[in-house]
Each structure stands twice: as C-alpha cells, then as structure tokens.
Amino acid sequence: MSALGAQLRAELQLVSRNSEQLLLTLGIPILLLVFFDLVDVLPTGTDEPAQFLLPGILSLAVMSSAMVSLGIATGFERSYQVLKRLGATPLGRRRLILAKIISVFCVEAIQVVVLLPIGLLLGWRPSNETWPLAMFVVLLGTSAFAGIGLILAGTLRGEINLAAQNGLYLVLLLLGGIIVPMDELPAPLRTISHALPSTALADVMREALTGGSSMLGTSLVVLLLWAIVAPLIAIRVFRWS
Amino acid sequence: MVENLVVRYGDICAVNDVSFEARCGQVTAILGPNGAGKTSAIEVCEGFRQSSSGQVRVLGLHPIRDHDQLTKRMGVMLQGSGVYPSGRVKDVVKLFCDLYGKRCNANELIALVGLEDRQQHTWKRLSGGEQQRMSLALALAAQPEVVFLDEPTSGVDVDGRLIIRQVIGKLAQNGCAVVMATHELAEAEKVADQLVIFDHGHIAAAGTITELRHGHEYTRFTSDEGIDIADLSRALGCSVTATTNTGEYNIEVLSTPAVIAVLSSWLHDQNLPLHNVTSLESLEDMFSRIVASSGRQN
C-alpha cells in the first residue's frame with residue numbers, strides 16, 4: 001500500500017473508532033434535524049421544517065467534519081507529537097495533509113448519504129436543485145472550515161484547542177442561519193452573521209437544494225473569501241510541534 | 001557527522017560549537033544532564049530543527065534540504081510519545097511499515113519488541129515501558145541505516161531494557177549507526193561503543209569508555225566503617241580515601257596483584273573483612289568527574 005493510502009486508512013480508522021467524533025459528525029446533525037423537524041419550535045417559515053432545516057444541517061455537517069473533527073484530532077496529534085513523528089517518515093507533510101483532506105471528504109460523503117434519506121423521510125423535497133452548485137459549495141465550505149480548524153489546532157494547546165473548536169462550533173451554529181433563520185436574529189447579530197462562513201455556506205446550500213436565496217451573490221463571495229483566506233492563514237501560522 | 005554545531009533559542013545557546021561523529025555499526029551514546037543540549041543536537045540531525053550555524057550531515061545528506069531522501073533511511077524514536085493515543089499497536093506498526101514501504105513485517109517487529117500479547121491494545125492502554133518498546137518498533141520499520149533514539153530506556157522495566165538492549169545491539173551488528181541520547185548511564189555502559197558527554201551545550205568529553213577512563217583507574221573495596229586510612233595509605237604507598245558510601249574506600253592506583261596483596265595483608269593484620277574489590281571507575285563516577293571538570297573550565 002502507498003504511503004498516502006496507508007495514512008488515509010489510518011485517518012479513517014481513527015475517525016470511525018472515535019465515539020466523540022462520530023457523535024459530532026453524525027449524531028448531532030441527525031439529532032438536530034429530527035428534533036427540530038418533529039418539535040415545532042423554530043420559526044422556519046414553512047409547513048415542512050425539513051425544507052428549511054436540511055440544507056442548514058448539511059452545512060453543519062461540513063462544519064463538524066472539516067472544522068471541529070479535523071481541528072480537534074489534529075490539535076491532539078500535534079500535542080502528542082504524532083505530527084512530528086510522521087514528519088520523520090517518507091510520508092511528508094504534503095501527503096499527510098492530503099490524507100486528512102481526503103478523509104474529511106469521505107466523512108462528508110457518508111454524512112450526505114445518511115442525512116439526505118432522513119431529510120426525505122421527514123418531508124424535505126428538493127426543488128430547483130443544482131447539484132453541481134451544492135458540490136462546489138461543499139468544496140468551498142470544507143476549505144474554509146478546515147482552514148479555521150487548522151488555525152486553532154496549529155496554534156493552541158490540545159485542551160484549549162478542544163474548548164475553542166467546540167465554542168466556535170456553537171457560535172457558528174446559532175448565528176449561522178443553520179437552525180435559526182437569520183431574519184429572526186437581532187439586527188446587530190444579523191450584521192455579524194452575514195460575514196460568517198457558516199451563514200454563507202448554509203445560504204448557498206439552501207439555494208442549491210431548494211432555491212430562494214435572497215443574497216446568493218454576497219454569500220458566495222463571503223464563502224469564497226473564507227475558503228481562500230483561512231487556509232492561507234493556517235499555512236502561515238500552523239506549528240507542527 | 002556534526003561539525004561546529006550551534007543551536008540558539010533567542011539569547012540562549014542550547015548547543016555551542018559541538019562536533020562529533022557517529023559511525024556505522026556502532027552505538028554512540030549522548031550523555032548529559034537535563035538541558036545539556038542533547039535533544040537539540042539530535043533534533044538538528046533528524047531534520048526537525050534548524051541549526052544556527054555549523055554543518056551536519058547524516059548518511060552524507062543535509063537533514064533539512066535532503067529530508068525526503070533521509071527519512072527513507074532513518075529511524076527515529078522521540079522522547080515522549082509520537083503515537084496516536086487511540087491507535088492500536090498492530091495498526092500503528094503496520095501503518096509505519098507501509099509508510100516506509102520496505103515490506104517489513106509488522107508482526108515480526110511487534111514480536112521483536114515483545115508486544116505480541118498487546119497487539120490489539122491502544123497506545124494509551126500500554127504501560128510506559130511498553131510504549132517505549134512500541135516506539136522502538138516504529139523506528140525499526142524504516143529498516144534504518146541510522147537511528148536516533150531519545151531516552152529509549154526511560155521508564156522501562158528490567159525485561160524491557162533487556163529487549164531494547166538486544167535490539168540496539170542487533171542494529172549496530174547489522175551496520176546501522178545508532179545514536180542514543182540518554183540519562184541512563186548504566187544502559188549506556190552496556191550498549192555504547194562511544195560516548196559523547198554534553199554539558200551546558202558543550203561536549204565535555206568524547207571517546208570510548210576505555211579512553212575516557214584512562215588515567216582515572218582505581219581500586220575500590222568495602223570493609224568495616226572507620227578503618228585507619230592513614231596507616232593503610234602508608235602501607236600501600238599511595239592515597240586511600242573513603243567514598244560517600246559507608247565502608248567503601250578508593251585506592252588511587254589500579255588493582256595490580258601487588259596492591260591486592262598489600263591490602264589483603266593489612267586488612268588481615270587488622271582483623272578486618274574485605275568485600276567487593278573493583279578496579280574500574282564506574283560510568284557514574286566518570287560522568288560526575290567529567291561534568292564537574294567541565295563546569296570548572298566553564
């Protein structure tokens with residue numbers, strides 16, 4: 001097996017055996033989707049809450065795997081000197097990063113395969129769907145969130161990184177138009193929300209799957225900026241040991 | 001090969017103008033107190049750290065510029081873990097075998113370090129000594145021509161030390177250059193062909209154990225506490241001193257038959273016992289002497 005293949009297998013093995021990561025990448029998105037669809041407490045503005053919720057939950061799934069799961073795992077690998085040790089093998093940093101990116105995409109593929117049928121069961125119906133746009137936005141979102149996750153993982157100590165990733169996840173979830181529509185947020189928060197990658201991702205995803213985004217252009221630009229700038233900062237500030 | 005190596009962290013000079021060579025087929029032990037600069041020097045050789053000045057070549061390669069080539073031929077055992085805490089022994093060893101792509105057999109490596117019955121255990125469930133042996137197995141996955149071992153026997157039990165010693169000996173036998181940084185003087189004495197003693201970023205002494213002991217041989221014996229040292233010194237014609245251990249004495253000459261004869265006769269006349277006659281400077285004493293003398297020079 002090639003070095004890249006071996007590392008990818010190891011990354012996937014570690015994710016699949018880590019119950020916290022499974023809870024984060026699959027458990028929480030499924031729970032939120034099902035709970036808020038069945039319990040009518042959110043002002044989703046539609047008779048079928050799944051119609052509003054599913055695109056947001058898919059965005060949340062991207063954020064969970066690309067930012068929190070990747071960031072926490074990488075942060076601990078850094079503090080346990082795993083990254084340093086791997087740096088002394090023929091794998092090299094480029095293939096290590098590539099293995100991590102491919103493993104994130106594999107997890108995202110599993111998330112989509114699990115979440116879409118649940119969405120359909122709950123009443124989500126795709127309308128005016130644009131699958132190439134959805135795939136493109138997943139790509140951009142992955143780049144943006146992986147960049148943010150690695151900025152934290154590469155600069156903070158293991159435990160602090162863990163807390164920061166989880167805290168940020170919560171903020172982006174609540175302010176990102178994922179489960180609470182942006183119109184429901186107070187005006188100052190709404191302004192902040194427009195600049196967040198989670199808001200942009202959820203908005204473009206909603207446009208790609210159900211149509212009806214009011215600010216597609218702005219969201220695409222915001223997401224594109226995050227997708228370029230965050231990885232660049234990560235490359236600059238990341239410390240391997 | 002390390003020539004005039006300097007490693008600075010801001011104003012602090014961790015390694016100051018250090019030169020030494022580790023030869024293939026030999027075990028070179030780098031000894032020194034905490035903060036002496038051992039790990040910094042090794043990290044430059046491994047390519048983890050940039051030197052401030054000086055020249056370092058490992059297997060003729062520059063550790064950073066030629067890192068890709070070097071990693072294929074170099075084994076590394078870090079001080080600390082360097083392993084996925086939730087990775088299983090078998091999976092991680094197999095991963096490293098695949099990363100080096102040298103068709104080494106993970107099961108054989110695991111058996112070599114005596115972890116057959118721990119294959120399904122995760123790293124975090126292993127004892128400290130078992131973790132060290134697993135780290136050694138990962139270094140061996142490289143089938144290395146040069147291997148850097150940072151504190152390989154730290155926290156390892158007696159059986160584990162024996163295994164690690166055997167593996168190190170076998171590596172050297174097969175022509176590998178083994179470089180190990182350690183605090184464990186007894187271990188170094190058992191496996192090292194060459195010692196490099198660091199102190200405050202300098203090399204305080206380097207050479208084989210015999211070379212470093214030269215001129216510092218003595219005879220040590222134990223008897224009852226409080227013997228008449230002055231009278232014994234007169235009988236032997238050389239200086240006798242009591243060591244810090246109760247009832248232990250140093251005669252500052254080698255234990256020739258003549259010296260032993262005079263000592264035995266004198267103790268017999270005084271009706272005193274004679275135990276544990278040794279005639280070499282222990283590595284611990286040698287280390288203390290060299291570090292103390294280096295401290296005086298600094």
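Predicted model: local features only at pLDDT ≥ 70, side-chain atom pairs only at ≥ 80, totals over all residues.
**Exercise 1. The interface between the chains**

Task: State how many residues of chain B are in contact with chain A, what area is buried between the two chains, and how many salt bridges are counted between them.

Solution. Step 1: The contact involves 27 residues of chain B and 22 residues of chain A. Step 2: The area buried between the chains is about 2200 Å², and carbon and sulfur atoms give 59% of it. Step 3: On the chain B side, the residues that lose the most area to chain A are B:Y84, B:D98 and B:L99, which together account for 30% of what that side buries. Step 4: Three salt bridges are counted between chain B and chain A. A salt bridge also joins A:K84 to B:E43, with the closest N and O atoms 2.5 Å apart.

**Exercise 2. Salt bridges and the parts they join**

Task: For the pairs A:E11 with A:K100, B:R73 with B:E145, and B:E184 with B:R161, find which parts of the chain each pair ties together.

Solution. Step 1: Over all chains, the count comes to 15 salt bridges. Step 2: A:E11 and A:K100 meet through their side chains at 3.2 Å, N to O. A:E11 belongs to helix α1 (residues 3-17) of chain A and A:K100 to helix α5 (residues 92-122) of chain A, so this pair ties together parts that are 89 residues apart in sequence. Both A:E11 and A:K100 are buried.

Step 1: In the salt bridge of B:R73 with B:E145, the closest N and O atoms are 2.9 Å apart. B:R73 sits in the loop between α2 (67-71) and β5 (74-77) of chain B, and B:E145 in the loop between α5 (128-140) and β6 (146-150) of chain B, so the pair ties together parts that are 72 residues apart in sequence. B:R73 has a relative accessible area of 27% and is therefore partly exposed. B:E145, at 33%, also counts as partly exposed.

Step 2: The side chains of B:E184 and B:R161 form a salt bridge at 2.9 Å, N to O. Because B:E184 lies in the loop between β7 (177-182) and α7 (185-191) of chain B and B:R161 in helix α6 (residues 158-173) of chain B, the pair ties together parts that are 23 residues apart in sequence. B:E184 is partly exposed at 22% relative accessible area, whereas B:R161 is buried at 18%; the cut-off for buried is under 20%. A network of salt bridges links B:R161, B:R165, B:E184 and B:E187.

**Exercise 3. Strand β12 of chain B**

Task: Identify the strands that pair with β12(B) and the direction in which its side chains point.

Solution. Step 1: Strand β10 (residues 219-222) of chain B runs antiparallel to β12(B), and four bridges join them. B:T222 stands opposite B:E248. Step 2: Strand β11 (residues 240-242) of chain B pairs with β12(B) in the antiparallel sense over three bridges. Here B:A242 has B:Y249 as its bridge partner. Step 3: The hairpin of β11(B) and β12(B) has five residues between the strands, and in it B:G247 takes a positive phi near 75°. Step 4: In β12(B) (residues 248-251), B:E248 and B:N250 point one way and B:Y249 and B:I251 the other way; all are buried. Side chains alternate between the two faces of the sheet in a regular strand.

**Exercise 4. The surroundings of B:Q119**

Task: Is B:Q119 buried or exposed, and which residues is B:Q119 in contact with?

Solution. Step 1: B:Q119 lies in the loop between α4 (106-112) and α5 of chain B. Step 2: With a relative accessible area of 19%, B:Q119 is buried. Step 3: Apart from neighbours within four places in sequence, B:Q119 is in contact with B:R88, B:V89, B:K90, B:N107 and B:I110. Step 4: B:Q119 and B:K90 are 29 residues apart in sequence, and their C-alpha atoms are 4.9 Å apart in space.

Key
Residues numbered from 1 in each chain as written. Chains lettered and ligands numbered in written order. Heavy atoms only, no water. Buried < 20%, exposed > 50% of the residue type's maximum accessible area, 1.4 Å probe, protein only. Helix = DSSP H or I, 4+ residues; strand = E, 2+ residues; numbered from the N terminus. Pairing = 2+ DSSP bridges. Contact = heavy atoms within 4.5 Å. Buried area = accessible area lost by both parts, 1.4 Å probe. Salt bridge = Lys/Arg side-chain N within 4 Å of Asp/Glu carboxyl O.
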